[in-house]
Amino acid sequence: MSNHSDLPSHNADNTDNMTENTPMPADQNQVAMSTDEINQSEDVSLENDAAIEAFFAPSSQTRIAEDFKSGYVAIVGRPNVGKSTLMNHLLGQKLSITSRKPQTTRHRIHGILSNHEMQAVFVDTPGIHRNEVRAINERMNKAAVSALVDVDLVLFVVDSDQWRDDDLLTLQKLGETDLTVVLVINKADTLKDKGTLLPLIETFHESFDFADIVPVSALKNQNLDRLQEVIASHLPVASPIYDTEQITDRSERFLASEIIREKIMRSAGDEVPYDLTVQIDEFKDEPAHTDAKTGRPRKACTFIDATIYVERSGQKAIVIGDKGQRIKQVGMDARKDMEQLFDKKIMLTLWVKVKRGWSDDERALTSLGY
């Protein structure tokens with residue numbers, strides 16, 4: 001068993017937080033109040049009640065239009081086509097992990113985009129693929145297809161210069177529904193000859209009755225404003241589904257596990273075993289306090305213990321790296337991202353364990369959250 005603890009330093013805070021409450025002496029010679037004074041007192045009381053009500057109201061500061069639109073938007077496509085990158089850049093916030101390896105996304109992840117005109121709840125799905133070799137592949141396909149249930153709009157993402165069998169498989173699944181589908185041609189900036197884009201759009205238009213076709217570059221934020229306008233045009237008029245300040249419905253525990261998994265995949269590159277997953281064993285918030293032993297103030301901190309599961313001993317060695325350097329770097333990078341996303345101090349402990357055959361074991365997949 002190998003582990004690595006990436007512990008941030010505890011710097012003492014010298015901030016004094018003092019509240020002084022001085023009681024007012026009672027006036028023994030108080031006289032009866034006039035009617036005007038009573039009305040004035042009631043007005044002040046009503047103002048206080050309104051202030052209290054406003055304080056406890058939802059924190060959203062987004063102005064809501066009269067014809068506000070909201071709905072669920074599924075982002076589908078074959079593996080490694082840029083679905084997660086697209087959602088992250090639409091949100092302006094990294095929620096779904098990305099890497100060069102296909103099938104990085106294994107779970108449906110909801111990202112919430114809100115402005116004064118609309119709220120789009122994006123469902124980032126695993127890539128739909130034909131090769132269902134193991135139980136995990138089958139579950140990923142089921143997760144992607146089940147995302148099409150009860151959504152208001154589908155974004156079908158394809159590469160600008162590639163059309164593969166898995167694209168046709170995704171299109172076949174969409175053809176079995178009556179959903180509104182917008183074709184998003186990603187990586188349009190990579191086309192050497194921009195003149196080939198129009199014939200490509202015509203070809204796609206002939207293959208399926210798309211509601212709209214929008215070429216974009218998710219990575220470079222090109223034409224995403226236009227895509228947002230198209231999304232809004234196809235959503236129903238409805239109240240916001242979530243608070244307009246909320247960006248996801250996923251828990252911090254889930255996001256922490258995904259951040260760790262991404263850092264491993266990015267750090268190891270082609271060496272990384274696909275057969276790995278991350279389980280959060282402990283996620284404990286500790287408020288700011290004074291250390292009982294030293295008497296020194298301690299900042300608020302969240303303690304996270306996570307186990308990285310692989311299927312073979314050789315994979316464990318790859319994840320740990322030479323003299324533990326890889327797992328150390330993974331811990332540092334993951335902690336940095338978590339502190340930025342969660343806006344709090346993180347103490348992260350990582351363990352690496354072998355769990356043979358977990359990716360093809362139905363009970364193991366269920367226990368690990370698949």
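Lys344 and Glu252 form a salt bridge, with their closest N and O atoms 3.0 Å apart. A salt bridge here is a side-chain nitrogen of Lys or Arg within 4 Å of a carboxyl oxygen of Asp or Glu. The pair links distant parts of the chain, 92 residues apart. Lys344 sits in the loop between helix H9 (325-342) and strand E12 (345-354). Glu252 belongs to helix H7 (residues 252-268). Helices (H or I, at least four residues) and strands (E, at least two) are DSSP runs, numbered from the N terminus.

This is a predicted model, in which local features need pLDDT of at least 70 and side-chain atom pairs count only at pLDDT 80 or more, while totals for chains, interfaces and linings use all residues. Residues are numbered from 1 along each chain as its sequence is written, and side-chain values use heavy atoms, with hydrogens and water left out.

**Salt bridges**

Lys344 is partly exposed, with a relative accessible area of 25%. Glu252 is partly exposed too, at 31%. Buried means under 20% relative accessible area, exposed means over 50%, and partly exposed lies in between (1.4 Å probe, protein chains only).

The whole structure holds 12 salt bridges. Three of them are listed here.

| Salt bridge | Closest N to O distance |
|---|---|
| Lys344 and Glu252 | 3.0 Å |
| Glu258 and Arg261 | 3.1 Å |

Side chains of opposite charge can pair when their charged atoms come close. Glu258 and Arg261 both lie in helix H7, 3 residues apart, about one turn of the helix. Both are buried. Arg335 and Glu339 both lie in helix H9, 4 residues apart, again about one turn. An α-helix has 3.6 residues a turn, so residues three or four places apart point the same way. Arg335 is buried, with a relative accessible area of 16%. Salt bridges that share partners also join Glu262, Lys263, Arg266 and Asp337 into one network.

**The chain as a whole**

The chain has 10 helices and 12 strands. Of its 370 residues, 44% count as buried. Contact means heavy atoms within 4.5 Å. Among contacts with a separation of 6 or more, 74% come from residues 24 or more positions apart. The accessible surface comes to about 20,400 Å² (Shrake-Rupley method, 1.4 Å probe; for residues, only the protein chains shown count as cover). Carbon and sulfur atoms account for 47% of that surface.

Strand E5 (153-159) is mostly covered, with 7 of its 7 residues buried. Leu153, Leu155, Val157 and Asp159 point one way. Val154, Phe156 and Val158 point the other way.

Two strands pair if DSSP finds at least two bridges between them. Strand E2 (residues 69-76) pairs with E5 in the parallel sense over 4 bridges. Ile75 has Leu155 in E5 as its bridge partner. E5 and strand E6 run parallel as well, joined by 6 bridges. There, the bridge partner of Val158 is Ile185.

E5, helix H4 (residues 165-175) and E6 make a right-handed β-α-β unit. Right-handed means that, with the strands pointing away from the viewer, the path from the first strand over the helix to the second runs clockwise.

Asn186 is found in strand E6. Asn186 is buried, with a relative accessible area of 4%. The C-alpha atoms of Asn186 and Val158 are separated by 5.9 Å, although the two residues are 28 apart along the chain. Beyond residues up to four places away in sequence, Asn186 touches several others, including Val81, Gly82, Asp159 and Ser217.

Helix H2 (residues 83-91) is largely enclosed by the rest of the structure, because 7 of its 9 residues are buried. Among them are Lys83, Asn88 and Leu91. Its cover includes E2, E5, E6 and helix H6 (224-234). Just after H2, Gly92 takes a positive phi of about 70°.

Helix H5 (residues 197-207) has Leu197, Ile201 and Phe204 as its buried residues. Seen down the axis of H5, they fall within an arc of 65°, so they line one face of the helix. The arc is that of the directions from the helix axis to the C-beta atoms. On the other side of H5, Leu198 and Glu206 are exposed. What covers the buried face includes E5, E6 (181-186) and strand E7 (212-215).
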